[in-house]
Amino acid sequence: GAFLAAGCQAFADGDSRAARDLFTKGLAHPDADAEVAFTCVANRAACALALEEHVNCEVDCRKALETAASAKLLARCALACTRQGGQDHLADAFACVVEALLLEPDHVVARRVLGEIRAAPG
């Protein structure tokens, strides 16, 4: 509850670092149910991406995706993978994009990441 709401407000205000810390506290709170935990992890991934913490973003996306499939999370995970560089990460990004587009064929971010993967050297 409260940490989730505060984290969302901090993120909306552009303070990704404070938001990330609040989402982390929300995960540790004993009253955090599965839905709050999922949202905290998914939102913490968005914070990590904004902070250019690409490995942390990928880890949180994959953790949240264990609970529910989401084109938004898959596209976010793909972005994090592409930002890490290397062929293995591009392959991971491609897998995420394909799954995202299967869920939402017109997902804008997933389509943009697909273009980045196609343009990548190698």
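Predicted model: local features only at pLDDT ≥ 70, side-chain atom pairs only at ≥ 80, totals over all residues.
Local features required pLDDT of at least 70 and side-chain atom pairs pLDDT 80 or more, whereas totals for chains, interfaces and linings use all residues. Residues are numbered from 1 along each chain as its sequence is written, and side-chain values use heavy atoms, with hydrogens and water left out.

Helices are DSSP runs (H or I, at least four residues), numbered from the N terminus. Helix α3 (residues 34-50) packs against helix α5 (residues 71-84) at an angle of about 35°. Their axes lie 10 Å apart. Axes are lines fitted to C-alpha atoms over the stretch in contact, and angles run from 0 to 180 degrees between N-to-C directions. The crossing of α3 past α5 is left-handed, that is, the near helix is turned anticlockwise from the far one by less than a right angle. On the α3 side, the contact (heavy atoms within 4.5 Å) is made by Phe 38, Ala 42, Ala 45, Ala 46 and Leu 49. On the α5 side, Leu 73, Arg 76, Leu 79 and Ala 80 take part. These residues divide into 8 nonpolar, no polar and 1 charged. Here Ala, Val, Leu, Ile, Met, Phe, Trp, Tyr, Cys and Pro count as nonpolar, Asp, Glu, Lys and Arg as charged, and the others, Gly among them, as polar.

A nonpolar core is a set of buried Ala, Val, Leu, Ile, Met, Phe, Trp, Tyr and Cys residues joined through side-chain atoms within 4.5 Å. Buried means under 20% relative accessible area (1.4 Å probe, protein chains only). The largest core has 26 residues. Cys 57, Cys 61, Ala 78, Val 97, Val 113 and Ile 117 have the most contacts inside it. At least two residues each come from α3, α4 (54-65), α5, α6 (87-103) and α7 (108-119). The largest share, 9 residues, is supplied by α5. Beyond four places in sequence, Val 97 touches Ala 78, Ala 110, Val 113, Leu 114 and Ile 117. Another core, of 8 residues, lies apart; Ala 10, Ala 19, Phe 23 and Cys 47 are among its members.

Leu 4 belongs to helix α1 (residues 2-12). Leu 4 is buried, at 15% relative accessible area. Residues up to four places away aside, Leu 4 touches Phe 23, Val 36, Thr 39, Cys 40 and Asn 43. Leu 4 and Asn 43 are 39 residues apart along the chain, yet their C-alpha atoms are separated by 8.8 Å.

Ser 16 lies in helix α2 (residues 16-28). Ser 16 is also buried, at 11% relative accessibility. Beyond its neighbours within four places, Ser 16 contacts Phe 11, Cys 47, Ala 50 and Leu 51.

Notes:
Buried < 20%, exposed > 50% of the residue type's maximum accessible area, 1.4 Å probe, protein only.
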